[in-house]
Amino acid sequence: LSPKASTARSTKGDGWKRDTKGKKKQTVYKTAAEVAAEVATEPSSMRIIDMRGPQVRVVSSLSELAASITNDNSVQSLKELRHNAHLLVQKYEERVRTLAEKKKHAEDRLLAVARERERLDAVSVLGE
């Protein structure tokens, strides 16, 4: 064996050993009251990214965003909103149709099983 092959084999063989870098971090659980207290003490650093126009704007509150909206933008926003609502309606209409078909199929199958059971009951009564 060449020296290169033996070193490659030894590093490859060390893969089974336990990682000695350090232990896993301890998970800290907090109560709802502790989380609420942290949120109350920290200043809110909410960033809203407004991507409705040709330029991307970053605002820090909804009031800034509302103040920046002009009538032209609100009309455009309504068009986008109507379009998005229309897409959602189409998507969920298809789901409703599919579920209605499944329901109808299950009801038909239930009726067929009930008819078959009645027929078998009638045959068993006649056989006695």
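Along the sequence, the protein chain runs α-α-β-β-α-α. This predicted model contains four helices and two strands. Helices (H or I, at least four residues) and strands (E, at least two) are DSSP runs, numbered from the N terminus. Residue numbers start from 1 along each chain as its sequence is written. Because the model is predicted, local features need pLDDT of at least 70 and side-chain atom pairs count only at pLDDT 80 or more, while totals for chains, interfaces and linings use all residues; side-chain values rest on heavy atoms, with hydrogens and water left out.

Confidence was examined next. The pLDDT, the predictor's confidence in each residue from 0 to 100, averages 78 over the protein chain. A score of at least 70 is reached by 73% of the residues. Among the elements, helix H1 (residues 3-13) has the lowest mean pLDDT, 55. Helix H4 (residues 71-127) has the highest, 87. Where pLDDT is low, predicted coordinates should not be read in detail.

The protein chain exposes about 12500 Å². Accessible areas come from the Shrake-Rupley method with a 1.4 Å probe; for residues, only the protein chains shown count as cover. Buried residues make up 3% of the 128 residues. Buried means under 20% relative accessible area, exposed over 50%, and partly exposed in between (1.4 Å probe, protein chains only).

Asp50 lies in strand S1. Asp50 counts as buried because its relative accessibility is 7%. Beyond its neighbours within four places in sequence, Asp50 is in contact (heavy atoms within 4.5 Å) with Gln55, Val56, Arg57 and Leu65. The side chains of Asp50 and Arg57 are joined by a polar contact of 2.5 Å. A polar contact is a pair of N or O atoms within 3.5 Å; within protein, one must be able to donate a hydrogen and the other to accept it, and residues adjacent in sequence count only if both atoms are side-chain atoms. Asp50 and Arg57 also form a salt bridge, with the closest N and O atoms 2.5 Å apart. A salt bridge is a side-chain nitrogen of Lys or Arg within 4 Å of a carboxyl oxygen of Asp or Glu. Arg57 has 31% relative accessibility, so Arg57 counts as partly exposed.

The strand region also carries a nonpolar surface patch. Ile49, Met51, Val56 and Val58 form this patch, with about 410 Å² of accessible area together. Patches are made of residues with over 30% relative accessible area and no salt bridge; like charges are joined within 9 Å, nonpolar side chains (Val, Leu, Ile, Met, Phe, Trp, Tyr) within 5 Å. Met51 sits in the loop between strand S1 (48-50) and strand S2 (57-59). Met51 counts as exposed because its relative accessibility is 60%.

The structure holds seven salt bridges. One of them links Glu93 and Arg97, with the closest N and O atoms 3.9 Å apart. Both residues lie in helix H4, four residues apart, about one turn of the helix. Glu93 is partly exposed at 38%, and Arg97 is partly exposed at 47%. Lys103 bridges to Glu107, again with the closest N and O atoms 3.9 Å apart. Lys103 and Glu107 are likewise in helix H4, four residues apart. Lys103 is exposed at 53% relative accessibility, whereas Glu107 is partly exposed at 38%. Salt bridges that share partners join Glu93, Glu94 and Arg97 into one network.
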